[in-house]
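Subject: A structure for you to explore

Hello,

Here is the structure I promised to pass on to you. Have a look at it first, and then read my notes beside it.

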Amino acid sequence: MSNTIQSLRGMKDIVGSESELFTYFIENASKIAQKYGFSYIETPLLEETALFKRSVGESSDIVNKEMYQFIDKGQNDVCLRPEGTAGVVRHFVEKKLDRAGGTYKWYYYGPMFRYERPQKGRLREFHQFGCEVFGISNVYEDANIIMLIREILEYFGIGFTLKLNSLGCVLCMPQYKNNLVNHLNSFKSELCEDCNRRVDTNPIRVLDCKNEKCQTLLKDAPKITNSLCSSCNSDFEKLKEILDFNKINYEIDSNLVRGLDYYNKTAFEFVSNEIGAQSAIAGGGRYDRLVEFLGGKSTAGIGFAIGIERLLELIKMPQCNQDVIYMGTLDDSSLNTMIKVANQKRKTTKTLVEYTPRSFGKHFGIAEKLSANIVALIGENELKNGTIYIKNIKTREETNLKLEDF
């Protein structure tokens with residue numbers, strides 16, 4: 001019987017070419033977010049369970065089925081974060097920034113945890129990159145967030161379709177929910193078990209059901225966009241006007257409600273047709289009541305999250321023409337000099353070091369395995385002359401340089 005310990009189901013290591021893609025995405029998405037005025041925030045992976053019950057919502061699948069929840073040694077009810085927004089809002093309220101007023105813009109990235117059935121593009125530990133904005137109610141910020149996501153996706157050469165909807169506000173949503181419930185009750189017995197539960201807890205989530213039979217039954221459901229109050233309708237029309245002016249194509253999807261209970265007004269998803277059924281690669285919207293839900297003062301909010309694992313399937317690393325230097329010695333006497341030179345060289349160039357003295361042939365074999373394109377070797381003669389032997393593996397050019405010139 002083997003004692004080998006394996007990674008848990010739905011958890012995976014990020015290593016090799018995938019780790020290169022991962023860091024390439026994080027570095028460049030972060031730079032783009034910074035250009036839009038966002039600064040980095042890191043929130044804990046572990047939070048009070050109540051945070052997500054009050055924000056994500058008791059009716060959501062995340063809270064009902066998917067949270068990694070447990071009682072810790074201090075008898076606290078805690079869970080691993082299933083999404084990023086709630087923790088950022090908790091920080092905002094905890095630090096009394098809702099009382100201070102002003103505008104706050106943060107971006108974050110890191111692991112999230114949901115206990116769901118692992119499948120392609122969906123893991124139990126997955127990673128998101130997200131942005132959150134507090135204190136701006138103007139619909140131009142909704143458009144700004146959408147343009148930020150567009151810039152990130154275009155930077156990585158990812159094609160997308162933008163889907164757009166409005167979820168209304170406290171004035172127009174209650175009447176819409178009544179209309180929807182009346183419609184759903186006419187065929188409630190034919191809906192799936194989850195939808196039957198949602199009719200009583202949060203009926204608009206029924207529109208998000210992935211069950212094909214339910215989707216067929218819902219095709220004639222009333223549309224929220226036909227029930228918007230004058231303020232919500234005006235904002236939605238203005239958002240479409242801004243996107244049109246900036247030549248951002250979109251589709252109105254009246255069934256788009258997002259998977260979390262805290263959204264209101266603008267809701268959007270960016271979808272890709274290149275990764276099969278799990279097509280959503282980014283999504284978000286406005287959540288103007290979430291700060292209140294968590295005990296803060298009423299504050300406008302909007303944000304989004306990008307599923308990193310799904311994007312990695314679509315990103316191609318650019319060809320890198322930077323040099324990688326492999327340094328080695330031909331005998332023990334040269335080792336100290338070689339290491340000193342390598343440490344200086346690392347200030348400008350990626351430099352790999354082999355500590356064991358070897359023959360020319362063995363050094364070149366190792367260098368090629370490490371994908372180095374320049375081999376730099378020091379032996380007894382080079383040490384005596386203050387030189388270093390250099391060979392470019394690709395061009396086959398070779399030379400002896402003075403150490404100071406190298």
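Predicted model: local features only at pLDDT ≥ 70, side-chain atom pairs only at ≥ 80, totals over all residues.

Let's begin with an open sheet of eight strands, whose order is 1-5-6-11-10-9-7-8 and whose pairing is mixed. Which strands stand at its edges? They are strand 1 (39-40) and strand 8 (251-252), each of which pairs on one side only.

Helix 1 (residues 17-35) touches strand 5, strand 6 and strand 11 (301-307), and its direction makes about 5° with that of strand 6. Helix 6 (residues 139-155) touches strand 5, strand 6, strand 7 (161-166), strand 9, strand 10 and strand 11, with its direction at about 10° to that of strand 9.

With strand 9, strand 7 pairs in the antiparallel sense over six bridges, while two bridges join strand 7 to strand 8 and the two run parallel.

**The five-stranded sheet**

There is also an open sheet of five strands, in the order 13-12-14-15-16, again with mixed pairing. Strand 13 (350-353) and strand 16 (398-402) are at the edges; each has a single partner strand, so one side of each is left without a neighbour in the sheet. On average, neighbouring strands of this sheet are turned by 25° against each other, direction ignored.

Strand 15 (residues 387-392) and strand 16 run antiparallel and are joined by five bridges. Ile-390 has Thr-399 in strand 16 as its bridge partner. Helix 13 packs on this sheet and touches strand 12, strand 13 and strand 14 (374-378); its direction makes about 165° with that of strand 12. Helix 14 (residues 360-369) packs on the sheet too, touching strand 12, strand 14 and strand 15, and its direction makes about 150° with that of strand 12.

**Charged side chains**

Side chains of opposite charge can pair when their charged atoms come close. How many salt bridges are there in this model? The count comes to 15. Here are some to look up:

- Arg-90 and Glu-94 meet in a salt bridge at 3.0 Å, N to O. Both are in helix 4 (residues 85-94), four residues apart, which is about one turn of the helix. Glu-94 is partly exposed, at a relative accessible area of 47%.
- Asp-288 and Arg-286 form a salt bridge with their closest N and O atoms 2.9 Å apart, and both of these residues are buried.
- Arg-358 and Glu-354 form a salt bridge with their closest N and O atoms 3.5 Å apart. Arg-358 counts as partly exposed because its relative accessibility is 29%, whereas Glu-354, at 15%, counts as buried.

Shared partners also link Glu-47, Arg-90 and Glu-94 into one network of salt bridges.

Arg-124 tells another story. This residue is in the loop between strand 5 (104-113) and strand 6 (125-134). Arg-124 is buried yet has no salt bridge. Where is the nearest side chain of opposite charge? That is Glu-116, 7.9 Å away. Leaving aside neighbours within four places in sequence, Arg-124 is in contact with several residues, including Arg-9, Tyr-68, Phe-113 and Glu-116.

**One last residue**

Finally, take a look at Ser-333, in the loop between strand 12 (324-329) and helix 13 (335-345). Is Ser-333 buried or partly exposed? Its relative accessible area is 47%, so Ser-333 is partly exposed. The side chain of Ser-333 makes a polar contact with the side chain of Asp-331, at 2.5 Å. Ser-333 and Ile-378 are 45 residues apart in sequence, and 9.5 Å apart in space from C-alpha to C-alpha.

Enjoy exploring, and write back whenever you like.

Best wishes

Notes: Residues numbered from 1 in each chain as written. Heavy atoms only, no water. Buried < 20%, exposed > 50% of the residue type's maximum accessible area, 1.4 Å probe, protein only. Polar contact = N/O pair within 3.5 Å; in protein donor to acceptor, adjacent residues only side chain to side chain. Lys, Arg positive; Asp, Glu negative; His and termini not counted. Salt bridge = Lys/Arg side-chain N within 4 Å of Asp/Glu carboxyl O. Contact = heavy atoms within 4.5 Å. Pairing = 2+ DSSP bridges. Axes fitted to C-alpha atoms, helices over the stretch in contact; angles between N-to-C directions.
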